[in-house]
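Me: Please take a close look at one part of this model for me. Keep it brisk, and start with the overall picture.

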Amino acid sequence: MSKIMIVDDAAFMRMMIKDIITKNNLGSVVEAEDGSVAVEKYQQEKPDLVMMDITMPEMDGIQAVKHIKEMDPDAKIIMCSAMGQQAMVIEAIQAGAKDFIVKPFQPDRVIEAIKKMLK
C-alpha cells in the first residue's frame, strides 16, 4: 500500500484529502502542517507521494519542494493551490513538482492525480 503525505496548514484541507484517499483505498496517510515539518517527516516516513499546499507559514510549499527534491530527486509531489496562483504553480513545477490541483478541488481530480503519480 502506498504512503501519501498531505501537507497543508489548514487541518480541514488535510482531513478532506485524507478522506478521499482512505475512502478510495489509495494508501495510508501521513500529515504535516507546514513545509518545515514536511521536510522532516519526508526523511522519516519516505512517502511514495506528497500532496503539498503552496501557501503556508514557517516554510511555504515551494521551498519545501526544493528541500525534498534535494534529498530525493525522485520524489513525487503534487501541489495544491487556490485559484489565481498560476505564477506560483509554474514556480512549483520548476522546483520539481510533477502535477498540481486547484482548490477547491473535485475528489475525482484528486483521485486521478494520485493514481497517475503512483503508477
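What share of the contacts in the chain with a separation of 6 or more comes from residues 24 or more positions apart? After that, which residues of the largest nonpolar core touch the most other members?

Reply: Residues 24 or more positions apart account for 62% of those contacts. Contact means heavy atoms within 4.5 Å.

This is a predicted model, in which local features need pLDDT of at least 70 and side-chain atom pairs count only at pLDDT 80 or more, while totals for chains, interfaces and linings use all residues. Residues are numbered from 1 along each chain as its sequence is written, and side-chain values use heavy atoms, leaving out hydrogens and water.

The chain has five helices and five strands. Their order along the sequence is β-α-β-α-β-α-β-α-β-α. Both are DSSP runs numbered from the N terminus: helices are H or I, at least four residues, and strands are E, at least two. The C-alpha trace spans about 35 × 30 × 25 Å along its principal axes.

Of the 119 residues, 48% are buried. Buried means under 20% relative accessible area, exposed over 50%, and partly exposed in between, with a 1.4 Å probe and protein chains only.

Now the core. A nonpolar core is a set of buried Ala, Val, Leu, Ile, Met, Phe, Trp, Tyr and Cys residues joined through side-chain atoms within 4.5 Å. The largest one holds 23 residues. Within this core, M5, V7, V50, M52, I68, I77 and M79 touch the most other members. At least two core residues come from each of β1 (3-7), β2 (28-32), α2 (35-45), β3 (49-53), α3 (61-71), β4 (77-82) and α4 (86-95). Helix α3 gives the largest share, four residues. In soluble globular proteins, nonpolar side chains tend to be buried together.

Take I77. Leaving aside neighbours within four places in sequence, I77 is in contact with L49, V50, M52, V65, I68, K69, A97, K98, D99 and M117. There is also a second, separate core of 19 residues, including I17, I20, L26 and I114.

For contrast, consider D19. D19 lies in helix α1 (residues 11-23). At 36% relative accessibility, D19 counts as partly exposed.
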